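Thanks for asking me to look this one over.

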Amino acid sequence: MFVLVNLKAYDADPVEVASAAADVDAESDTDVAIAPQTADLAAVADTGAETWAQHTSPVESGSHTGQPLAEGLARNGAVGTLINHSERRLSLADIDGAIAAAERAGLETVVCANNPHQIAAVAALGPDAVAIEPPELIGTGTPVSQADPAIVRDAVEAAESVDPDIDVYCGAGISTAADVEAAADLGADGVLLASGVAKADDPATALQELIQ
Ligand SMILES: O=C[C@H](O)COP(=O)(O)O
């Protein structure tokens, strides 16, 4: 199982959470990765935790301002990137461009989508993985596996109908070990989560409990 913790723009100490992630990753069968703010990529990567970017721009090196260039993310320790997160939506053309940019820089790609129809559409663009996240459940603490299990099953089916080898993650409201297990039971290869760790009083302990 793959657990990708998106720190979004929360106040959690990225180095503290990443250090806990590196420990948990080493001590368990679960692969844990952290997606911090772009400015914190290098510090997080220095902890030894698998480090992901929250967004990659589709641009190539050149005259662009405020666009995180894939090569710059990789140079600062990112090994993968989210694309088209619900809070950072892109056009289909830009999703395609961002996947190409990430591949150019050697970054793994997870493209997010709202529903199974979008999952099929973005799976056709050839990312390494897709993530189903109903936006209305994000940050609620109610896991998608409980609120809408069919959407996870349908997303897995939609993705596999396009590419049998693609990984499918699910996210929104996941905050406990039972939620992670429920996602696996529905066919997900991993989970994407944020507030359950980043907004916890003790994010490092919350992450440890979630995995153990
Ligand atoms: O990137 C993470 C997802 O948007 C899920 O967020 P959440 O765990 O706070 O619901």
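This is a predicted model: local features need pLDDT of at least 70, side-chain atom pairs count only at pLDDT 80 or more; totals for chains, interfaces and linings use all residues.

1. Let me start with the core. The largest nonpolar core holds 71 residues, and the members that touch the most others are Val5, Ile34 and Val130. Helix 7, covering residues 149-162, gives the most to this core, with six residues.

2. Which residues does Ile34 touch, once those up to four places away in sequence are set aside? The list runs through Val5, Leu7, Val17, Ala18 and Ala21, and goes on to Val44, Ala49, Thr51 and Trp52. Val5, one of these partners, is also named with Ile34 among the core members that touch the most others.

3. Next comes the pairing of helix 5 and helix 7. Helix 5 spans residues 116-123, and its axis is 8 Å from that of helix 7, at an angle of about 25 degrees. Angles under 35 degrees count as roughly parallel, so helix 5 is roughly parallel to helix 7. The crossing of helix 5 past helix 7 is right-handed. On the helix 5 side the contact is made by Pro116, Ile119, Ala120 and Ala123, while helix 7 brings Ile151, Asp154, Ala155, Ala158, Ala159, Ser161 and Val162. Sorted by class, this contact has nine nonpolar residues, one polar and one charged.

4. Which residues of helix 5 are buried? They are Pro116, Ile119, Ala120, Val122 and Ala123. Their cover includes helix 7 together with helix 4 (92-104), strand 5 (108-113) and strand 6 (129-132).

5. Helix 1 (residues 14-27) and helix 10 (residues 203-211) have axes that come within 8 Å and cross at roughly 25 degrees. By the cut-off of 35 degrees, helix 1 and helix 10 are therefore roughly parallel to each other. Here too the crossing is right-handed, with helix 1 passing helix 10. Helix 1 supplies Glu16, Val17, Ala20, Ala21 and Val24, which meet Pro203, Ala204, Leu207, Gln208 and Ile211 of helix 10. The class count for this contact is eight nonpolar, one polar and one charged. Val17 and Ala21, both part of this contact, are also among the residues that Ile34 touches.

6. Is Ala26 buried or exposed? Ala26 is a residue of helix 1, and it is exposed because its C-beta has 10 others within 10 Å, where 12 or fewer is the cut-off. Its C-alpha atom is 24 Å from that of Asp185, a residue 159 places away along the chain.

7. Compare Pro36, which sits in the loop between strand 2 (31-35) and helix 2 (41-46). Pro36 counts as buried because it has 30 C-beta neighbours inside 10 Å, and the threshold is 20 or more. Beyond its neighbours within four places in sequence, Pro36 is in contact with Leu7, Pro14, Leu41 and Val44.

8. Val110 is a residue of strand 5. With 28 other C-beta atoms within 10 Å, Val110 is buried. Its contacts outside four places in sequence are Gly80, Leu82, Ile83, Pro127, Asp128, Ala129, Val130, Ala131 and Tyr169. The C-alpha atoms of Val110 and Val168 are separated by 8.8 Å, though the two are 58 residues apart along the chain.

9. Lys8 has phi near 45 degrees, a positive value in a residue other than glycine. Lys8 belongs to the loop between strand 1 (2-6) and helix 1, and counts as partly exposed with 19 C-beta neighbours inside 10 Å. Ala172 also has a positive phi, near 105 degrees. Ala172 lies in the loop between strand 7 (167-171) and helix 8 (177-185), and is buried, with 28 other C-beta atoms within 10 Å.

Methods
Residues are numbered from 1 along each chain as its sequence is written. A nonpolar core is a set of buried Ala, Val, Leu, Ile, Met, Phe, Trp, Tyr and Cys residues joined through C-beta atoms within 7 Å. Helices (H or I, at least four residues) and strands (E, at least two) are DSSP runs, numbered from the N terminus. Two residues are in contact if their C-beta atoms, placed from the backbone, lie within 7 Å. Axes are lines fitted to C-alpha atoms, for helices over the stretch in contact, and angles run from 0 to 180 degrees between N-to-C directions. Angles under 35 degrees count as roughly parallel, over 145 as roughly antiparallel, 65 to 115 as roughly perpendicular and the rest as oblique. A crossing is left-handed if the near helix is turned anticlockwise from the far one by less than a right angle, and right-handed if clockwise. Ala, Val, Leu, Ile, Met, Phe, Trp, Tyr, Cys and Pro count as nonpolar, Asp, Glu, Lys and Arg as charged, and the others, Gly among them, as polar.
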